[in-house]
Structure formats: C-alpha cells, structure tokens
Amino acid sequence: MTDSKRIEQQAADWLVRRDAGDWAPHDQRALEAWLSASARHKVAFLRLEAAWAEAGRLQALAAGLPAGGPPPRTEAAGPGAPAPGLPDLRGITFAPRHAHARPGRWRHGVAAALAMLALGSAAWGGWQLTGRQQAHYASAVGQVQTLTLPDGSLATLSSDSQLDVRITRQERHVALTRGEAFFDVAHDRRRPFVVEAQGRRVAAVGTRFSVRRNPEDVRVVVTEGKVRLETRTGEDGRAQPVSLLPAGSVATARRNGVLVRSVPVADAERYLEWREGFLTFDDTSLAEAAAEFNRFNARKLELADATVADLRVGGNFRWSNAEGFARLLEQGFPVRVERHPERIVLHAR
C-alpha cells in the first residue's frame, strides 16, 4: 500500500469510529493527535469528510438506513446516482447495527466503502466550486491566510497576495497574480500541481514549497519533495531549460536566467517564517528589510537617503511591529526616526 493510500485508509477508519456512536474523549484526543501529526493527515480527513457530507451518505452508513428512509438526493446527482467524480455505491448495502452485531466487522465494511470513495475524492473536490471549475482567493495587507484548495492541497497566502485556481481532469493550475504563497500539495500523480507566476511554471505532484512574485523575479523555496521550475519559450522562440529543485533549494528566476542555491532545509524554512509572524534578516540591507516590513503593513517604512538604506541589520522581528523595529534602529544605529500616521521615515544622523 502506498503512503497516500495508507493515509486515506487511516482517515476513513477515524471517520467511521467517530460516527459509530461510542466516541469517547480519549478517542477525540487521539484523533486530534493524528491530525496534528501531519498536514497530509488533516487534508485526507477533511477531504473525505466533505465528500461524504456532499454525497449525503454518511448518516446512512453510520446508522444503517434509519426509519426516515434513504439519504437525501442532491439536485445534481439525480435519483440515487452518485455525485460527479464519486464511485457509484448504490450496489453496496449495510445492515443496521443491532445489539448482536459485531462492531469490528461493521466498521471494516464501512471503512472499505470510505476507502473506495477516497479514490475519487480528489477528483470530486475539483468540481465543487459553486458550479464552476475555478476559484479566486486573496489576502489583505497584514493578513496571512491558510486555506484548503478544491483538490485538498493547503495554501498559505502571505500578506496582500492573490491566487486564481483552476482544476481540470488533467491539471491543477494556480496562477499567483500577486504576492507569495506556500503550498502543501495533496498527492495526485495523475494531475500535476502547477503554480504559474510571470511566465514561470513550478510543477509538483506532492510536495511543500513556496512561490513569491517580485517585480523583477520569481523566488521558489522547496522544503519537501521536488519541483520542476519551467520557463515559457523565450523571446527568441527557443525553449528555456528546466530546473529540478530538491528540498533545500532556493531558486531565483530572472529574465536572464535562474540562480539556484542549495541550503539545509532548516535554512530554507527561515524564508517562510512569515507564516508564524516573523521576518528573519541576516546581514540584510536596511532597504531590503524595510521593503519586507512594507509588504505586511499599511504604515510604510520610508528611507530618506542612501546612507541609511545601506545599513546592515540582522535578527528576527515581528512583521506586525514596524514601530518596534524603528525604535530599535533609533537606539542602536545612526538613525533618526520621523513618525507620521501613515509612514515612518528613517533618516541618517
């Protein structure tokens, strides 16, 4: 059994146990521990739970068809038919749970049916966008937002970022039209997960990576698995080379080529500490540091002259506390701070 199928089966087992009627507090704690152990666990469980809720069959499986009759039909499914993309389970029946029934055998049967559904749940997610096959997501300035994409992948949007998602039977396509996003990709070998930004394509099957769109370049940071960094055909009509980026890669793609650095994964993760509310600088120019703070704050840091822009800073700072950063500069650097309601101006002194 592949790792992906094993996780889907475990998720199915948890779902059945939870809805069997004998759920106890220690069971809930065990489930929460399993979900928190891996984002893949959480994705599999939520995707399977959502698919069954949409199909309207979870109650019937958990209790054996109740007195009220069969589960309600969905408008799109037609009489008794499964929802699009889901396996047809109309030929599978489950006996009601009587006092003499063996819970283990009943649970095994339901879990098997849930596992069948898991095979189609990824495809199901791509067709549930309020009747469309695409969706739009955006975060405001100062907001970091984690969301579940229709295929079960997780995306964390940085401040002032925007995604356009399109799911087809052949590909999962994400256009990063502004900002930065981190992706924890649900495994689906049949449909690559492609992020496009400024003519660059970052393709993966199941991995963890970020893509950042800057005015002059695109940065890709890989923390797990491998991704392919592709470029559209150049202005001269010739195909551009493809870069295979393993975990620990930090790639910067510019008009004139791609620069790839290989670092320990722990160092690569430092580029992504914005997810936890921090910015990390290591001998960084104050101009670059101010630009990073400005990505997350409406009140901007402005540099009054080149002398202050060239100062070098280092350390970890909360991106929400630009005022605190300015005070530190005022205390430990030759910097004079001029404060205004909408901006903080940094002068050399």
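Strands here are DSSP runs of E, at least two residues long, while helices are runs of H or I with at least four, all numbered from the N terminus. Two strands count as paired if DSSP finds at least two bridges between them. Within this pair, Q134 sits opposite R166 of β4.

A quick word on the source: this is a predicted model, with local features needing pLDDT of at least 70, side-chain atom pairs counting only at pLDDT 80 or more, and totals for chains, interfaces and linings using all residues. Residues are numbered from 1 along each chain as its sequence is written, and side-chain values use heavy atoms, leaving out hydrogens and water.

Zooming out, the sheet is open and mixed, with seven strands in the order β1-β4-β5-β7-β8-β11-β12. β1 (134-138) and β12 (243-246) are its edges; each has a single partner strand, so one side of each lacks a neighbour in the sheet.

Now for the helices. The axes of α7 (residues 286-296) and α9 (residues 322-332) come within 11 Å and cross at roughly 160°, which means α7 is roughly antiparallel to α9 (the label covers angles over 145 degrees). L286, A289 and F293 of α7 meet A322, F325 and L329 of α9, where contact is heavy atoms within 4.5 Å.

In α9, A322, G324, F325, A326 and L329 are buried, that is, under 20% relative accessible area with a 1.4 Å probe, protein chains only. Their cover includes α7, β16 (300-303), β17 (312-318), β18 (335-339) and β19 (343-348).

Technical notes: Axes fitted to C-alpha atoms, helices over the stretch in contact; angles between N-to-C directions. Parallel < 35°, antiparallel > 145°, perpendicular 65-115°, else oblique. Buried < 20%, exposed > 50% of the residue type's maximum accessible area, 1.4 Å probe, protein only.
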